[in-house]
Amino acid sequence: MTDSERHPEGQTDRKTERRLEETILELLDRRAPDATICPSDAARAVHDGDDDGDDDGWRELMEPARRAARNLVEAGEVEITQGGKRVDPAEARGPIRIRRTR
């Protein structure tokens, strides 16, 4: 099932992305200025799963978390990196990290 099938009007999807954007910034605020986070950190923080940690539902939030990071890049808030180097979000393939704009 795609995001559009789950959220036909896109309202819930945008609401989730907004929560992910806020969570990304909050997680970065709690770290050193040059620290990075993984989109999965934000996905796990936003996911309303089981308290026992066995729920992998946060994985469904990975693409929305990556979109949230791209939104924050466009806003000038963060950079996306691979291998410690800043990359264009449109070009990034595979694992990424997120850090505050330098």
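When I say contact today, I mean heavy atoms within 4.5 Å. With that in hand, hello everyone, and a quick reminder that what we have here is a predicted model. Of the contacts between residues at least 6 apart in sequence, 45% join residues at least 24 apart.

Let me walk you along the chain. It has 4 helices and 4 strands, and from the N terminus the order is α-α-β-α-α-β-β-β. Out of 102 residues, 35% are buried. The accessible surface comes to about 6500 Å², with 43% of that belonging to carbon and sulfur atoms.

Now to the inside. The largest nonpolar core holds 20 residues, and the ones with the most contacts within it are Leu 20, Ile 24, Leu 28, Ile 37, Val 78 and Ile 98. Helix H2 (11–29), helix H3 (39–46), H4 and strand E2 (78–82) each give two or more residues to this core, and H2 supplies the largest share, with 5. Take Ile 24 from that list: leaving aside residues up to four places away in sequence, Ile 24 touches Ile 37, Ala 42, Ala 65, Ala 68, Ala 69, Leu 72 and Ile 98.

One residue I'd like you to look at is Arg 66, in helix H4, which spans residues 62–74. Which side chain of opposite charge is nearest to Arg 66? That is Glu 63, at 4.1 Å. Our salt-bridge cut-off is within 4 Å, so Arg 66 is buried with no salt bridge. Again skipping residues up to four places away in sequence, Arg 66 touches Pro 39, Ala 92, Gly 94 and Ile 96.

Thanks, and I'm happy to chat!

Note on methods
Residues are numbered from 1 along each chain as its sequence is written. This is a predicted model: local features need pLDDT of at least 70, side-chain atom pairs count only at pLDDT 80 or more; totals for chains, interfaces and linings use all residues. Side-chain values use heavy atoms; hydrogens and water are left out. Buried means under 20% relative accessible area, exposed over 50%, partly exposed in between (1.4 Å probe, protein chains only). Lys and Arg count as positive and Asp and Glu as negative; His and the chain ends are not counted. A nonpolar core is a set of buried Ala, Val, Leu, Ile, Met, Phe, Trp, Tyr and Cys residues joined through side-chain atoms within 4.5 Å. Accessible areas come from the Shrake-Rupley method with a 1.4 Å probe; for residues, only the protein chains shown count as cover.
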